[in-house]
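Please have the sequence and the 3D view open while reading.

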Amino acid sequence: MSLTPIFTSPMFTNPKFMTPRFTLKQLPLKRALTAALATATLVAAANASAQTLRFAHVDPDDWTTSKKGAAGQVFKNLVEAETDLTVELYPAGSLGGETELIEGAQDGTISIAMVSGAYANFCPAVAVTDIPYTFPSAPVAWQVMDGEFGTALAEHCLQETGLRTLAYGETGFRHFTNSVRPINSPEDMEGLKFRVQTIPLYLEMVSALGGEPQGIAWGEVPTALATGVVDGQENPISVIYGNNFYEFQDYLTLDRHVYGVDHLLINDEIFQSLSEEEQAAVKRAAVVAGTTGRAIQQFNSAEGITKLEAEGMEITQPTAEQMEAFREAAQPPVQAYLTEELGDDAEWIERLSSAVEEASARF
């Protein structure tokens, strides 16, 4: 390694970097060499660090069954094919839960995090996408999140969190299951106990529909279903099938009450440190990754319905009129709750509603 470039750098030749008490000429040769080597090491370490992106999520790594797993692997392959960057994948919560991943992305120990609902704890406006019965279909949701609304929300959250949204994926539509009876209307939910995430919005939603929400930790759900602590639960199809809930639940209602959005986030300082070519490659790869995650989720949902029916579950698809009854029961109370909780950010409720209305006209 040649030391000449370091000795001729501005740090050693420009007087503003020197003081009367410390100049290169006053140093013994051995100390000068040591200082030069240390500087070179720091520069090399910084460059090496910039060449590696740490991508973390909480889903399994298997791309055939995991939307985030598929997204991560596609992102890695594309970025590494088009740039000199290296992408390290940390799936299955190996670096923590979603809250820890978002915090890690904010402080830069994680470069990229793909997360869903927990992001609302950092950018509250994100919670509006969980308003029940907002998205009538996946294509409408894609149009909204990939359009002006999603772009504006991403910019808002960048200012709030320091995290840049590279793309959106999906957790998919959530549905109710139970072990008591078919559910065709909100009245059918009355008196039934449903396990929900310990998120106020979900508690409010199930209460508005006539059910009794029970906030139970994820790890305790199978036991709660098997022992009758709760009568039912709500999740995407892939989760219902993947966790064998059909062993405890007889009825599935495809009511699509919440469409879960995945957010592919990068620490903005890390993003800005990349070259223009690297930034462009990262953005392209992220869009493909988000789209791939959506495709895997859609495939597993469609296949999962068939598998759940084969396992003996009775599946109910509410009519348009029945869906409207669900919406009228659940949406206003949740919107009222969010209006109070969000304060100035409550404007995002109307912005989302307008975007959905516009997108729905295309389908």
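## Basis

This is a predicted model, in which local features need pLDDT of at least 70 and side-chain atom pairs count only at pLDDT 80 or more, while totals for chains, interfaces and linings use all residues. Residues are numbered from 1 along each chain as its sequence is written, and side-chain values use heavy atoms, with hydrogens and water left out.

## Salt bridges

The whole structure holds twelve salt bridges (a side-chain nitrogen of Lys or Arg within 4 Å of a carboxyl oxygen of Asp or Glu). One of them pairs Glu-80 with Lys-76 at 2.9 Å between the closest N and O atoms. Both residues lie in helix α4 (residues 67-82), four residues apart; helices (H or I, at least four residues) and strands (E, at least two) are DSSP runs, numbered from the N terminus.

Asp-268 and Arg-164 meet at 2.7 Å, N to O. Asp-268 is in helix α11 and Arg-164 in strand β4, so this pair ties together parts 104 residues apart in sequence. Asp-268 is buried at 16% relative accessibility (buried means under 20% relative accessible area, exposed over 50%, partly exposed in between; 1.4 Å probe, protein chains only). Arg-164 is partly exposed at 23%. Shared partners link Asp-59, Lys-67, Lys-68 and Asp-262 into one salt-bridge network.

## Backbone angles

Most residues other than glycine have a negative phi. Asn-244, in the loop between α10 and β8, has a positive phi of about 60°. Arg-256, in strand β8, has a positive phi of about 50°.
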